[in-house]
Structures are given as C-alpha cells and as structure tokens.
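Visitor: Could you walk me through this structure? I am new to it.

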Amino acid sequence: MALVTGSSRGIGRAVALKLAERGAAVVVNGRSDTATVESAVAEILDKGGQACGIVADIGQSQGCSQLVQSAISQFGRLDILVNNAGIVRDQLLLRMSDEDWDQVINTNLRGAFLCTRAALRPMLKQRWGRVINIASISGLIGNPGQANYAAAKAGLVAFTKSVAREVASRGITANAIAPGFIQTDMTQRLNASAQEEIVKHIPLGYIGDPQDVAEVAAFLASEKARYITGQVLVVDGGLTMV
Ligand code: NAP
C-alpha cells in the first residue's frame, strides 16, 4: 500500500495514479478540499486501481498521525510513503513574516518528519519499505524569495539521508526527488513572461510535466531500485546541471 501526501492535485496526484497503475493500493490525501481528493480517488478506481481518500492536514501533529493510522487500517499495511505535500509562501527575506517561515517549515519539513516517523513502525516490522521525499532544486541551489522554502527542502534532503542511514539494515530505502519547474497550480501563478524567462535557462527547453516526476517516484518505489538509498534524483530538464 502507498500513502502519497498532498495527492489530490499536481505532482502528488500523478504519483498516486502511477503507483496505482503499477499495482499499489493508494491512499490519496489533501489538506482541505474533499472534492479534489474524491476526484483523484475516482480517477484511480475508474482505471481499475485500488484507492481511498483521507483529508488531513500534515502541518498538524494530530493530522499526520491520524492520516498514517487510518491509511494502515484501510489496507492493513504500509509499504510506500511519498512525502509530497508542500506549500510556498514566497517573499524577499526582509519582508518575510514569521508566519511565512513557520507555515512552510511546518508543512514541508515537519510534516514529512511526522509522517515518516509514524510510517516507519509497520515498515520496520515487515522489513521492507520505501520513503520518497519530494524536495526541490530550490533546496539544492537556493532561490531568491524562497529562503523559507529552500531551507525546508534542503532540510528534507538531509532528513532523507539520515533516515536512509538509520533504516538501511531493515530493507527500507529513503530517497528524495528534486524537481525543477513542473506544470502545476504551484507554478501556474507565475505570469507568462516569468515562465518564458525560466524556459530560456532549461537545457531541454520546456517546463516539466507531473508525469516526469511520477515515473521517477514509481521507479524508486519499485524493487528495481532496491540498491538505491540516500540519494537525490534531480528532475529538472538539465536546469541545475554542473
Ligand atoms: P500543488 O499543485 O500546489 O499541490 C499541492 C498538494 O499538496 C495539494 O494536493 C494540496 O492539498 C496538498 N497540501 C498542501 N498542504 C497540505 C497539508 N498541510 N496537508 C495535506 N496536504 C497538503 O503542488 P505541486 O506543484 O504538485 O507540488 C507538490 C510537491 O512538489 C511540493 O512538495 C512542492 O514543493 C514540490 N515541488 C514542486 C515543483 C513545481 O514546479 N511544481 C518544483 C519542485 C518541487 P489542498 O488542495 O487540499 O491544499
């Protein structure tokens, strides 16, 4: 069974659909919008997959533990956790409020910690598990206006490596994916000229699709990736290559 946080829309939804297509029963999650959670579940069921939806705020300790416990009780086990839910509150540092900082760290970093801690127990028992954290190239190279987001994503990368080292002997891998610019609601808010400017710097010449990330997540979740742990796979059209 796979639990994908923030999978009602965007990258998470594509990951949930891909894992379902590859045979996993999937728990779809969103923070607040029941209708989008239900539509993602319906899309999986229509395609012959197994899924259920749980609305829960992973920014809250209780939300995380309830999400993981309900997911386990729905399907009786937990094999794959994809920590995907994330938000942005972009602002230049001098104008960044305490709240902008706290909300982003809380959802993007603390949420992943809480969900992973809750999910590891069944994985340790079954001596098999996959933890996949959706980081960002902002966490690798930084980005003006995203000090909060970049710090959370860099933290998520270090978190991934620590988890990978802690649980490697128990058949559990932990890896991160660092997407570049991917077409979702999160990047939709950039105006057309900002998007054109970004595309100029992408060697492959276009903004990525959620499918590009979903394929990598499905690979990392599979047995084929059994010898890969503690890594960050960059999916950015070549934007950050050195
Ligand atoms: P998105 O389109 O804005 O979708 C975000 C999803 O996360 C929604 O399903 C949302 O549910 C859920 N979510 C947000 N806060 C949550 C919370 N506290 N509890 C539970 N669910 C929550 O975002 P996206 O572009 O697909 O991004 C997905 C992940 O990829 C994020 O971690 C993001 O940082 C990362 N990423 C994205 C890009 C990109 O270019 N798009 C690049 C690099 C990294 P609701 O609708 O209920 O709020």
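Guide: What follows covers a helix pair and a cavity. This is a predicted model, in which local features need pLDDT of at least 70, side-chain atom pairs count only at pLDDT 80 or more, and totals for chains, interfaces and linings use all residues. Residues are numbered from 1 along each chain as its sequence is written, and side-chain values use heavy atoms, with hydrogens and water left out.

Visitor: At what angle do helix 4 and helix 6 cross?

Guide: The axes of helix 4 (residues 98-126) and helix 6 (residues 147-167) cross at roughly 15° and come within 8 Å. Helices here are DSSP runs (H or I, at least four residues), numbered from the N terminus. Axes are lines fitted to C-alpha atoms over the stretch in contact, with angles from 0 to 180 degrees between N-to-C directions. Helix 4 is therefore roughly parallel to helix 6 (angles under 35 degrees).

Visitor: Which residues meet there?

Guide: Among them, Trp101, Ile105 and Phe113 in helix 4 and Tyr149, Leu156 and Phe159 in helix 6 take part in the contact (heavy atoms within 4.5 Å).

Visitor: Changing topic, how many cavities of 30 Å³ or more are there?

Guide: There is 1. A cavity is a set of points on a 1 Å grid over the protein atoms alone where a 1.4 Å probe fits but cannot get out; lining residues have an atom within 4 Å of a point. The largest cavity has a volume of about 60 Å³ (the space filled by probe spheres set on the points).

Visitor: Which helix gives the largest share of its lining?

Guide: Helix 4 does, with 4 residues. The lining of the largest cavity includes Asn108, Ala112, Lys153 and Leu156.

Conventions:
Helices (H or I, at least four residues) and strands (E, at least two) are DSSP runs, numbered from the N terminus. Angles under 35 degrees count as roughly parallel, over 145 as roughly antiparallel, 65 to 115 as roughly perpendicular and the rest as oblique. On a 1 Å grid over the protein atoms alone, a cavity is a set of points where a 1.4 Å probe fits but cannot get out, and a pocket is an open set with protein on both sides within 12 Å along at least five of seven lines; lining residues have an atom within 4 Å of a point.
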